[in-house]
Amino acid sequence: MPSPFPGMDPFIESQGFWPDFHATFINYVRERLADQLPDSYDARLDERVNFVRVQDDSIQRIRPDVSISQSDARDTGAATSGGVATLEPVTLQETIEEEVREAYIEIINREDRSLVTILEVLSPTNKNEPARGHYLTKRLAILQQPVHLVELDLLRGGRRHNFARPLPPGDYYAYVSRVEKRMGCDVYAWPLERCLPTIPVPLAKPDPDVLLDLQAVFSLTYDRGRYQRAIDYGQPLTPTLDEQSRQWAESLLHNG
């Protein structure tokens with residue numbers, strides 16, 4: 001069944017389905033690009049591994065089963081006659097590193113195996129610290145190479161990219177940074193109420209751009225993921241919507 005929303009479904013982000021959606025969506029993007037690319041190109045999936053620190057107050061602390069206390073304790077903690085001075089432990093929060101794997105697409109020239117374009121679908125780890133800093137460092141390294149970069153931000157939460165001028169208003173964004181236009185980035189912005197756009201994916205000159213229909217990829221991903229039967233559309237959204245968008249969404253879901 002199709003999503004009740006005309007474009008991106010914000011409940012996928014809100015209800016924790018993003019990792020599954022990301023993996024499926026990026027694979028269908030690769031398939032769609034492969035069907036359209038000239039024979040001189042390949043579209044390949046690659047993967048990076050991020051280690052994200054997770055601090056959770058629910059982690060059970062380990063304390064000693066037997067506690068030995070000093071019968072005549074003094075502030076100095078020194079031994080007293082007939083007693084043994086002890087130190088009380090300080091319980092600190094555990095720091096755990098969680099392994100997060102994220103796939104992205106590389107478009108490669110088949111003749112010399114050179115990298116032409118990278119396509120990223122941003123994830124919550126890309127948009128929040130501490131992993132955001134690592135992603136931005138890798139992004140800058142890409143922008144210093146003769147490689148096109150296409151980034152899709154289909155998340156309402158997290159931090160946006162920073163540019164010299166403010167981003168145009170929107171709930172979702174696509175960024176297309178071309179080698180021949182490196183000091184500028186083409187930004188595509190659209191609200192929740194609109195369908196996902198068709199965006200250009202640049203190739204090596206003189207080959208023309210490939211047009212990527214994001215709405216078609218999203219619809220296929222949503223249908224194959226069977227999110228309609230998994231999402232509880234009666235739950236509140238996170239991040240919350242402004243009043244106008246909230247009323248629109250409630251009307252849409254109610255009438256649907």
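Arg226 is found in the loop between helix 5 and helix 6. Helices (H or I, at least four residues) and strands (E, at least two) are DSSP runs, numbered from the N terminus. The model is predicted: local features need pLDDT of at least 70, side-chain atom pairs count only at pLDDT 80 or more, and totals for chains, interfaces and linings use all residues. Residues are numbered from 1 along each chain as its sequence is written, and side-chain values use heavy atoms, with hydrogens and water left out.

Phi of Arg226 is near 50°, a positive value in a residue other than glycine. Arg226 counts as partly exposed because its relative accessibility is 48%. Here buried means under 20% relative accessible area, exposed over 50%, and partly exposed in between (1.4 Å probe, protein chains only). Arg113 also has a positive phi, near 60°. Arg113 sits in the loop between strand 2 and strand 3 (115-121). With a relative accessible area of 47%, Arg113 is partly exposed.

Two cis peptide bonds can be described next. One joins Glu129 and Pro130, with omega about 5°. Pro130 is in the loop between helix 3 and helix 4. The other runs from Thr238 to Pro239, with omega near -5°. Pro239 lies in the loop between helix 5 (214-225) and helix 6 (243-255). Most residues other than glycine have a negative phi, and most peptide bonds are trans.

The protein chain as a whole holds 6 helices and 8 strands. Along the sequence, their pattern is α-α-β-β-β-α-α-β-β-β-β-β-α-α. Of the 256 residues in the chain, 38% are buried. Contact means heavy atoms within 4.5 Å. Among contacts between residues at least 6 apart in sequence, 67% join residues at least 24 apart. Arg101, in strand 2 (residues 96-109), and Arg48 are 53 residues apart in sequence, with C-alpha atoms 5.8 Å apart in space. Arg101 is partly exposed, at 48% relative accessibility.

Lys127 belongs to helix 3 (residues 124-127). Lys127 counts as buried because its relative accessibility is 1%. Beyond its neighbours within four places in sequence, Lys127 is in contact with Leu122, Arg132, Asp153, Leu155, Gly157, Gly158, Arg159 and Arg160.

Helix 4 spans residues 131-143, 13 residues in total. From first C-alpha to last, helix 4 reaches 19 Å, close to the 18 Å expected at 1.5 Å a residue. The expected span is 1.5 Å times one less than the number of residues. Buried in helix 4 are Ala131, Arg132, Tyr135, Arg139 and Ile142. They lie on the same side of helix 4, because they cover an arc of only 95° around the axis. The arc is that of the directions from the helix axis to the C-beta atoms.

Helix 4 also gives the most to the lining of the second largest pocket, with 4 residues. A pocket is an open set of points on a 1 Å grid over the protein atoms alone, where a 1.4 Å probe fits, with protein on both sides within 12 Å along at least five of seven lines; lining residues have an atom within 4 Å of a point. The volume of the second largest pocket is about 450 Å³. Its lining has 18 residues, of which Asn162, Phe163, Ala164, Gly184 and Cys185 lie nearest its centre. By class, this lining has 10 nonpolar, 4 polar and 4 charged residues. Ala, Val, Leu, Ile, Met, Phe, Trp, Tyr, Cys and Pro count as nonpolar, Asp, Glu, Lys and Arg as charged, and the others, Gly among them, as polar.

Note on methods. Points joined across faces, edges and corners; volume = space filled by probe spheres on them.
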